[in-house]
Amino acid sequence: MQKLLPLLVAIPLAGGFLVPILGRLTGTRRGAAVLPILMVAAVLVLSLALLAGPDETLVLWIGGWEFPIGISLLADGLTRYLLVIVAVVSLLALLFSMDYMRQYTSPSLYYGLFMLMLAGMNGVVLAGDLFNIFVFIEIAGIASYALVAFGTEADELEASLKYLTLGTVASTFILIGIAVVYNVTGQLNWAKVAEAIAAGGGPSMPLYVAAAFFLMGFGLKAAMVPFHAWLPDAHPSAPAPISAMLSGVLIKACGVYALARVVFSVFGGSEVFGWVLVALGGASMVVGVFLAVGQWDFKRLLAYHSISQMGYVVLALGAAAVMQARGTSEAVVALAIFGGLFHLANHAIFKSLLFLCSGSVEYATGTRQLKLLGGLGRKMPVTGACLRIAALSISGVPPLNGFWSKLIIVLALVLGGFYTLAVITVIVSFVTLLSFAKVQRYVLGGEPTAAVEQAREVPAAMCLASLALAVLCFASSLIILPAVKSRLVDPAVRVVQAGPPPRAKAPPRVVAAERPGAVAAQAAVPPARLERTSP
Amino acid sequence: MDPVLILLLALFGFMLIGSIVAVETRDLLSSVICLGAVGFGTSVAFLLLGAPDLAITQVVVEVLVLVVLVRVVITRKDETQATSRSTLGVGSVMLVLGVLVAVMFWMLAGAGDGRLKMRAFGDPLMNETVAAATAAPAGEPQIATTQAEPGSIGGAYLKHGLVGTAVSRGTGAANYVMGIVLDARGYDTLGEATVIFTAIIGAYAVLRRIGRQAHARDVADR
Amino acid sequence: MQGMSLIVKNITRLVAGFIAIFGVYTVFYGHVSPGGGFAGGVILAGALVLIVLAFGEEFSRKVLPHGVAQTSDALGAMSFLLVALFGYMAGGFFVNFLPRGEPCTLFSAGTIPISNLAIGVKVGAGLFGAFLALALFRRQSDGRSRSPIAGRPNRGGPNGEES
Amino acid sequence: MTLPMLPYLLALLLLVVGLYAIVAKRNVIKIIVGLAILDYAVNLILVLVGYRTTPGAAPMAPILTGGMANEPALVAGAVDPLPQALVLTSIVISLSVTALLVALGLRLYEKYGTFDTERMRNLRG
């Protein structure tokens, strides 16, 4: 199975290279989506096969090179979980694009960039090497900068400029972090870096500097609150399916996933890192939602909610790290991590659905100003129903998925002794409900306005994509059932909870150098071949 | 003292001055040209540091970027000079940044308790050797009998990259950097080629004359 | 974009060929000497850019049409990916499936020269295409009526009438 | 502070200059300049990490010349090739970003007739 891991990147890459040429040669407009959809479907099948496979850590050293020379791909529980989320959202966003993108020119460039962005995200999630994470973040990033400006209107270009500037600064920070880590530990493979750090007795001062650079870099990519300035411009400016991809999966794969990987699996998720994550997450949660309430642009409002909802995820993960350091029972720690990861999947589903619905509304009416809309519930029954489901889901109304993940996060916070944070979380949830009551009131309720008079239901493919996500809003509630949870999410939870690999087995290494406790000891690990190790 | 270090410090001084001029000058053309000077300085620094591949690449990239930027700047009349944001805001941001860099540098260079510390310039971790732990007899700290391995993957690459080890093969490329770039870390390079491909089709997408069009339904309605 | 003066044209005629040959050399000898596919590709693109700047773009469009640059860009990238995928025949992704040969000679290092060639083509064509796109852009927009400050775009999102 | 740490400090200062350009200047060209300086700084830091002093000799590039007989000397004295490989990738990435940035800048110039970002403030973060 691990031999097939590179295909998860290679298939979308081939799509990215071929679609623009084929578009040039054939000149079809509608057909441009066929090849990408087939390829993403193949990626989805592969990801599902991985998720369904046995829960073990697959490691593939690319090109037959072994440690310490080559690059590895690594698929553990967390990776598989994210791969499936990315593939599902991508497939539905592509389906939606088939009709939606008729508003834009050059569909082949669009699909090419889309596939490259997908390849970048899959590459980040699979990478076992810090520098490799950087390279694939750049692929996903550059594709998304171009896609944000795809409409080439003035404010789209401007948003893209801002996004590109901050995104590149973020990548630079990540690269400096990598340089410091390589200087200090001599390793690039993050599992080996983690071993080296653990062998050296935990992070030292220079490594805290590296961690600070990583936190700033990935924090910028994840739009955590002091670094969030680009997101409310960039996400609404993109075409709707791209907004769904950016908010739904890109900030998760390139931001939160990488953040969690570095903090938990490399630096060992100590109490310091836990509090930093709690601060970032808490601030994002509160600031995001209060900025969202005042918005009248439909997509901008959704974008601010993305900041807020990702705050929940980071807060839960940070709280878990703090609890772990304090010695709270393992079950509560696992519950907090589960809450965070469950909310991550839920947010991918309902936020993509919300953005797709906003796209449908824009497609039908030509505007996304809430004040110009009204009465769409009758004009567009399918989109209206989907929008209602998604809005209830993000506000945390039972029995939809958002309710369960928020409940679990609050429960874990209470059990872990974070009473203030738990109260704040509940309050933020109410404000979210308020904000989406406004959306429903202005978009769906009331009498049809002038802008809405001509509106009709959107084409079938767009409806189908929205409906599929709406069904997933219900279906993913099932994850709270223990049987489903243990299959889908628990492997990912275990990866985050276990922290860096050597906590389980740390064989004392003997160092020949004159420097006692030199960190280079891990280079002495015998080179492993294509290895399958169970955690 | 290493003569390379002295040359390097002088070069860094030049680059710092060049970059400050590039940032501060109000004329955009001068700014771009100063940037080119800093870029060529970087290239010389690469050469000094034993990286001819990087020096060549930096030079050719710099030339291309310079040609494009100069064209962009001289063909466009921009009567507004480059302006700055309010002094107070910038000053406070830069103060924070300066303090941050000072603290970071102090953490990197000076402080610490001896473990996992930042290696000084010219003395990378690959100068250290560690023993292959497999052969170490239990309970005995002296393991002089076992094979010494370089302390970082770069050192391991120098040692085994060309000819290989007992379990692994080498690249056979006399240029170790190319061996890493195209074989051992070829996957990264695939990513790199993809990055540049992405940026180019992204530029095509951004430069399209018309981005949006009336979709079929609108046309039918009117 | 017009061509430049006769002196520039003549010097370009003399120099461009040498630059291109140096680029090709850099690509082919990347695995034994400094350089490699990327640097060589940029040098090739530089030679083409020089020709465009000296002779004007009409001439260059005859030599290397824009579409050709775009297509060979994608084909170069694709063939690098194919080199990686062919590795599956020898056991896995990116496996260097050709014999190593004697170090320091042209035919050594297995697939590395092929990858270098693919990257050289990809980078040369891609950057040249990008340069053309950036240089041509001004010409296109000249024809357009351009107000110094465009009106505030419709914040309500796109509407069909705009285009 | 020791003298051998000085190159890192200067590279960090270069980084600060680049960040200053991005924070303080309101011009697309200046942003390009700032990002380019950032990239130089981080590339230099990476190459500095890999440098190895060879006593009494010039630094040795990791390229084998003159046949296999010279290989042991190279292993003992050459600088670290790995950071160079990383920087090669990083240079290409910064070139790509610059290309996209120039394209965006051209388009914005076409819309507004200026490179000044102060005059193109439709969006509020």
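Where pLDDT is low, the predicted coordinates should not be read in detail. For chain C taken as a whole, the mean pLDDT is 74, with 74% of the residues reaching 70 or more, while the complex receives from the predictor an ipTM of 0.88 and a pTM of 0.90.

Chain C contains five helices and zero strands, and its pattern along the sequence accordingly reads α-α-α-α-α. Of the 163 residues in chain C, 47% are buried; among the contacts of this chain with a separation of 6 or more, 70% are made by residues 24 or more positions apart.

Within this arrangement, C:Gly46 lies in helix α2, which spans residues 37-55 of chain C. C:Gly46 is classed as buried because 24 other C-beta atoms lie within 10 Å, the cut-off being 20 or more. When neighbours within four places in sequence are left aside, the contacts of C:Gly46 are with B:Val60, B:Val63 and B:Leu64 of chain B and with C:Ile19 of chain C. The C-alpha atom of C:Gly46 is separated by 16 Å from that of C:Gln70, a residue 24 positions away along the chain.

Chain C also meets chain A, with 23 residues of chain C in contact with 25 residues of chain A. On the side of chain C that touches chain A, eleven residues are nonpolar, eleven are polar and one is charged.

Key: Residues numbered from 1 in each chain as written. Chains lettered and ligands numbered in written order. Predicted model: local features only at pLDDT ≥ 70, side-chain atom pairs only at ≥ 80, totals over all residues. Contact = placed C-beta atoms within 7 Å. Nonpolar A, V, L, I, M, F, W, Y, C, P; charged D, E, K, R; others polar. Helix = DSSP H or I, 4+ residues; strand = E, 2+ residues; numbered from the N terminus. Buried ≥ 20, exposed ≤ 12 C-beta atoms within 10 Å, placed from the backbone. pLDDT = per-residue confidence, 0-100.
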